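Open the model in your viewer and keep the selection panel at hand.

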Amino acid sequence: ATIVYHLAKQNQGQVLVAAPSNVAVDQLTEKIHQTGLKVVRLCAKSREAVASPVDFLTLHHQVKDLDQGGELNMLQQLKDDQGELSSADEKKYKTLKRSSERDILANADVICTTSVG
C-alpha cells in the first residue's frame, strides 16, 4: 500500500493494482483506501452480488451511491421490478451507467482488480 501511495502521489497518472485472487485484491484495496487515496475496486459482473469488506469501493456500488435518487437509479429499479426496460429506457440506462462509471474511474487515484478472467 505504501508503494502504491507514493506512485499515486507522483502525479504521473492513475495506478492499476492487480493481484491473482479476489481475496488479495480486496485486502490491497482496503489497505490502499486507508491511505486516503481514491480507490475503485473492479470486479466481474458475476461477483457483484458476493459480499466483500470493500463493497463500498466497488464500481457498481459507487455508481449507485453517485446517483442516489437520480434517473439512473430510477431506471435500475424499473429494470429490477419488470425484468427488462423498453428499448429507449435501456439505451438511456446504459448511457447514464457508462457515463457514471467513466466519471468515477477518471477521478480515481487507484484502480484495483484481479489479474485473471
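The model shown here is predicted.

**Stop 1: R98.** Select R98, which is found in helix 5. Is R98 buried, partly exposed or exposed? Its relative accessible area is 46%, so R98 counts as partly exposed. R98 and L57 are 41 residues apart along the chain, and 17 Å separates their C-alpha atoms.

**Stop 2: helix 3 against helix 5.** Select residues 59-66, which form helix 3, and residues 87-107, which form helix 5. These two helices pack with their axes 10 Å apart, at an angle of about 110°. Helix 3 is therefore roughly perpendicular to helix 5, as angles of 65 to 115 degrees count as such. Show side chains for the contact: helix 3 brings L59, Q62, V63 and L66, while helix 5 brings S100, E101, I104 and L105. Colour them by class and you will find five nonpolar, two polar and one charged residues.

**Stop 3: the largest pocket.** Which residues lie nearest the centre of the largest pocket? Select E48, K64, Q76, Y93 and K97, which belong to a lining of 13 residues. The volume of this pocket is about 250 Å³. Helix 3, helix 4 (71-82) and helix 5 each supply at least two lining residues. Helix 4 gives the most, with five. By class, the lining has six charged, four polar and three nonpolar residues.

Technical notes: Residues numbered from 1 in each chain as written. Predicted model: local features only at pLDDT ≥ 70, side-chain atom pairs only at ≥ 80, totals over all residues. Heavy atoms only, no water. Axes fitted to C-alpha atoms, helices over the stretch in contact; angles between N-to-C directions. Helix = DSSP H or I, 4+ residues; strand = E, 2+ residues; numbered from the N terminus. Parallel < 35°, antiparallel > 145°, perpendicular 65-115°, else oblique. Contact = heavy atoms within 4.5 Å. Nonpolar A, V, L, I, M, F, W, Y, C, P; charged D, E, K, R; others polar. 1 Å grid on protein atoms, 1.4 Å probe; cavity = no way out; pocket = protein on both sides within 12 Å on 5 of 7 lines; lining within 4 Å. Points joined across faces, edges and corners; volume = space filled by probe spheres on them. Buried < 20%, exposed > 50% of the residue type's maximum accessible area, 1.4 Å probe, protein only.
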